Amino acid sequence: MRDKTKHTIPKELEDCYDAASARFAGLLNHLQEAYDTLARAGKDKDPLFWELHDSYKDIIDTLHGVMAMLSKFAPYAVCGMCQGREEVNCALCRNHRIISIVRWHSVPKELRDMREKKGKL
Ligand SMILES: [Zn+2]
């Protein structure tokens, strides 16, 4: 099993990576469903949602922003500093071993490049 950088996930982290990924995907699906429902209700001027007609655009824009923000914090990679090793006390991942794309970009570029190059081999 590999992370989004094509790095092999250590066996002991696979369940955690899987569970967290599924949790984020579920949350995003719920938000997408709310987004679709409200967008349709606003567009069709659904009388059940009449109170929202004047502000549905703001609401769906906000939901879109929440989804975009949340997806940045979904599991992305095995930590680029500790490489997911439990014996290392890691300041970057705070010993969670799996990091988001946001945190991945705070891994020093040389380490990211090394991992990404290795993933292509
Ligand atoms: Zn780490």
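## Two arginines in a loop

R97 sits in the loop that links β1 and β2. The model is predicted. R97 is not a glycine, yet its phi is positive, at about 70°. Is R97 buried or exposed? R97 counts as buried, because it has 22 C-beta neighbours inside 10 Å. The cut-off for a buried residue is 20 or more.

R94 belongs to the loop between β1 (77–78) and β2 (98–99). R94, a residue other than glycine, also has a positive phi, near 50°. Its surroundings are another matter. R94 has 11 C-beta neighbours inside 10 Å, so it counts as exposed. Here the cut-off is 12 or fewer.

The table sets out the two residues.

| Residue | Phi | C-beta neighbours inside 10 Å | Class |
|---|---|---|---|
| R94 | near 50° | 11 neighbours | exposed |
| R97 | about 70° | 22 neighbours | buried |

Now the whole chain. What elements does the protein chain contain? It has four helices and two strands. Their order along the sequence is α-α-β-β-α-α.

The C-alpha trace of the protein chain spans about 60 × 30 × 25 Å along its principal axes. The radius of gyration of the protein chain is 19 Å, whereas a compact globule of 121 residues would have one near 14 Å. Of the 121 residues in the protein chain, 15% are buried. R97 counts as buried.

Contacts come last. Take those in the protein chain between residues at least 6 apart in sequence: 56% of them join residues at least 24 apart.

How values were computed:
Residues are numbered from 1 along each chain as its sequence is written. This is a predicted model: local features need pLDDT of at least 70, side-chain atom pairs count only at pLDDT 80 or more; totals for chains, interfaces and linings use all residues. The radius of gyration is taken over C-alpha atoms; the globule rule is 2.2 Å times the number of residues to the power 0.38. Two residues are in contact if their C-beta atoms, placed from the backbone, lie within 7 Å.
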